[in-house]
Amino acid sequence: MTLPDRIDPRPPKHIYRWDLDKTYLQSEFDTFRQLMRSAFQKASDKVAIPGAAALIRELRARGDSKLFILSGSPKQMRAVLEGKLRLDGVEWDELVLKDNVRNLLRGRFRALRGQLGFKLNALLESRAATPVDSDEILFGDDAEADAFIYSLYADLIAGRVKEDDLRKIVVAAELYRDEVAAIFRSLEKISTADPVRRIFIHLDRLTPPAVFSTFGPRVVPVFNYFQAALVLLGDGALTAPQVLRVAAEMVQSAGYNLLMLSNSFQDLIRRGLPLDKVAASLTQALDGPEALLSALRPMPDIVAAFSKRIAALGTPPAPPAPVSVDYLALLKHARPRTGKQADPIGE
Amino acid sequence: MPRLMPGSITIAFDVMGSDHGPMEVVRGAAQLSLEAPHIHALLVGQRAAIDAALAGIRHNGERISVHHAPDFVGMGEKPEHALRDKPEASVAVAARLVADGEADAMVAPGNTGAAIVACARSFKLIPGVRRAALAAVYPTRTRHGSKLDPFSLILDVGATLEASADDLVAFAVMGSAYARVISRNAHPSVALLSNGTEPNKGPPNVVEAHRRLIAMKGLHFIGNVEGVDIPQGSADVVVCDGFVGNVCLKMLEGVHDTVAELARYAYRSKLKWRLGLAMLSSGIRQLQAVTDWQQYGGAPVLGFNRILIKAHGRSRARAIANAGKVAAKAVAAQLPRAIAEGLRP
């Protein structure tokens, strides 16, 4: 069995779905040379994005959760990827990789590069085996089509995308017939529910955050995982000490400093995320049983800087309103990207 | 005052004063956030305008923060009056943030007088400096420093109307320190602008300044230069009072514009001239690249204990980003300290 055994026998209440390359791992494969280098890297050579492992560990610390990792990396990389996750102390429940050799042998070149058919079906299959009352938080990046695929997945299982519309989308996306059939088969097995709370998009390519506003406030582009942790604290999915531990790892292992963290915090506030009470709860956390974190410089300074950053802004903006997503109009987000494009829509 | 974060340099940008509105300054700061990991941009101005501009452009949110300032001083406003009536103008707020240590330096593309007055109210003058000076770079025939800059520095170009001999000596030391730090010119040559090269030529303040500068150790003073020497680049730093400097600078800009207009006229007038200009086009492009003021970013205001880079009002994003880099370089090299050491008796 390739998956670690689940110790907790209770059905999971919180599902975390992560992409790997550029979401969890710092990966460069925009050129053939980079692709080759990435393919032959050892587990110990692979580098995680600062704070990603800490965030997963804190999310998993709740116990009643399940970690589903979905990557477009080829199945042949499983051993290396599992080795890297183990090195980082990340425990996962499912790791689904793409069968690129099979696609190559069958001459399915669109499936080699495209992610929609593979990822949407894998997500739906996994959802079919998940308790209906569990909630989900998804993590992807701006290098491929994650915002589009995750949003479509969320709206499909919530019953907000009609079958006819889905058919138009998969036809326009030029998916293979068996991929389409598999998607509809998986969808039939799923009870309608609206479990997706947040979709975090790691801005690996520094795509302007406004590009993702078309997907509505559920999608939160983040420059780093401290920002994701802050939003999850605001949502009640993490506690303040857990957020401080994510920050501590980023400070200690990746050279993050007071300015970067407080700028990251203010960036979220400016984008209208409801984090007004977050600074206060972080301050309280430093005085509580986790007071040990106070000794970890520059935690007290960071928390003090947050209040300054909020005060510097004046009146906060209204939070962004929910939107109805027009997937056909946004299909360009789902198509394989060529070269080093800055963002899926273009500036 | 210790810097806010060791290893990082924060530059406060007055976002509101530019001829092109907030967008161009925000784009410049965004570009800086992508190119220079050690520089943080503190954008000072109307928050809604900054947020709207920032949301749609590539930037690194870890390296940018915003400080809301509700007012701004327009290009046509009288600095003293405007700053008295609008204490929360972006240029005044930015200067206060630098003075309070929230940022290490300031870049202001707006009203020059307002920027200098705002800084004069918030910053302190370096001991030995009675008046701050606005320095400008201008293209020259010869190249300067280890970077082979095709620019020289002239100061003062407008911060003061009259300058005493003391002021001219201080300007010489400040200009020399700036050329050492920014152009990596270990021994910059410094000259006084006068109406003749002889030591006794010029008004009494220039003659007196000449006498004192020639006796100064550690300063590579080469004597007087005339107006003709400015574009030739005979000196790395040319010193004059603000009235003369401003007239010179405007004349240089006017000559540049006139030559460009003549070239356009020639291009339109005769086919033979058009062909000639076409043949010279790659050379002209190279010349334009060499003398492109946007790559230099902005003009430093020297003499304060904090750095102010005055960017051109019509600066585009690249010039703003470069002004931020120049400011960061001046901070890293502790320019005010270098000036203070040069002025120490």
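Helices (H or I, at least four residues) and strands (E, at least two) are DSSP runs, numbered from the N terminus. This is a predicted model, where local features need pLDDT of at least 70, side-chain atom pairs count only at pLDDT 80 or more, and totals for chains, interfaces and linings use all residues. Residues are numbered from 1 along each chain as its sequence is written, chains are lettered from A in the order in which they are written, and side-chain values use heavy atoms, with hydrogens and water left out.

**View 1. A cis peptide bond in chain B.** Going from B:Leu155 to B:Asp156, the peptide bond is cis, with omega near 0 degrees. B:Asp156 sits in the loop between strand S6 (149–155) and helix H6 (165–182) of chain B.

**View 2. Where chain A meets chain B.** Contact (heavy atoms within 4.5 Å) takes in 28 residues from chain A and 24 residues from chain B. A:Leu206, A:Leu259 and A:Arg270 supply 28% of the area that chain A buries against chain B; buried area is the accessible area (1.4 Å probe) that two parts lose on being put together, summed over both.

**View 3. The salt bridge across the interface.** Here B:Asp51 and A:Arg270 join their side chains in a salt bridge (3.0 Å, N to O). The term asks for a side-chain nitrogen of Lys or Arg within 4 Å of a carboxyl oxygen of Asp or Glu, and the rule finds one between these chains.

**View 4. A positive phi at A:Lys22.** Though not a glycine, A:Lys22 has a positive phi of about 70 degrees. Look for A:Lys22 in the loop between strand S1 (14–18) and helix H1 (32–39) of chain A. A:Lys22 is buried, at a relative accessible area of 2% (buried means under 20%, with a 1.4 Å probe and protein chains only).

Note on methods:
Buried < 20%, exposed > 50% of the residue type's maximum accessible area, 1.4 Å probe, protein only.
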